[in-house]
Amino acid sequence: NYPLTDYMNRAHFSLWCVTSSPLIAGNDLRNMTEEVRSILINKEAIRVNQEYAGNAGDRVYQNGSAEIWAKPLPDSSGIADAKSFGVVFFNRNETNLIDIELQFTQLNMTSCTQCAVYDIWAQKQVPNAK
């Protein structure tokens, strides 16, 4: 048991959300940092946890310390045959940053002509997602 960094806390909560796990705070709510509070009340992360489109999230990729977890979400775009997913890029290595690339085939998609990627922690669109 050691204190988690803000990155670790976001990773931990992200995995809970993408796997539709019960969201139970195990910390002292009276004495938490603002960063921990902002993680626990992130409405977009909670939405990923609460929405259901047939199954909870699963690990769809693993290579060394790199993992990708994905959960199908109900699509609300109004575009025919559109698919929405909650995706977590997870690095089990605590000391080294790594690049993780997602292929559409990992989400059972053959291509993507109109893709939008939104970072729920930065609360903004990811530019140039292809």
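Of the 130 residues in the protein chain, 21% are buried, where buried denotes under 20% relative accessible area, exposed over 50%, and partly exposed in between (1.4 Å probe, protein chains only). Because the model is predicted, local features need pLDDT of at least 70 and side-chain atom pairs count only at pLDDT 80 or more, while totals for chains, interfaces and linings use all residues. Residues are numbered from 1 along each chain as its sequence is written, and side-chain values use heavy atoms, with hydrogens and water left out.

The protein chain holds three helices and five strands, arranged along the sequence as α-α-α-β-β-β-β-β. Helices (H or I, at least four residues) and strands (E, at least two) are DSSP runs, numbered from the N terminus. With contact defined as heavy atoms within 4.5 Å, 48% of the contacts between residues at least 6 apart in sequence join residues at least 24 apart.

Turning to the sheet, three strands make up an open, antiparallel arrangement in the order E1-E2-E3; two strands pair if DSSP finds at least two bridges between them. Strands E1 (58-63) and E3 (84-91) are at the edges with a single partner strand each, so one side of each is left without a neighbour in the sheet. From one strand to the next, the twist averages 20°.

Which residues of helix H3 (residues 43-50) are buried? They are Ala45, Val48 and Asn49. These residues lie on the same side of H3, because they cover an arc of only 100° around the axis, the arc being that of the directions from the helix axis to the C-beta atoms. The buried residues of H3 pack against H1, E2 and E3, whereas Lys43 and Gln50, on the other side of H3, are exposed. Finally, the N-terminal end of H3 is capped by Asn42, with a side-chain oxygen 3.0 Å from the backbone nitrogen of Glu44.

Definitions and conventions
Axes fitted to C-alpha atoms, helices over the stretch in contact; angles between N-to-C directions. Polar contact = N/O pair within 3.5 Å; in protein donor to acceptor, adjacent residues only side chain to side chain.
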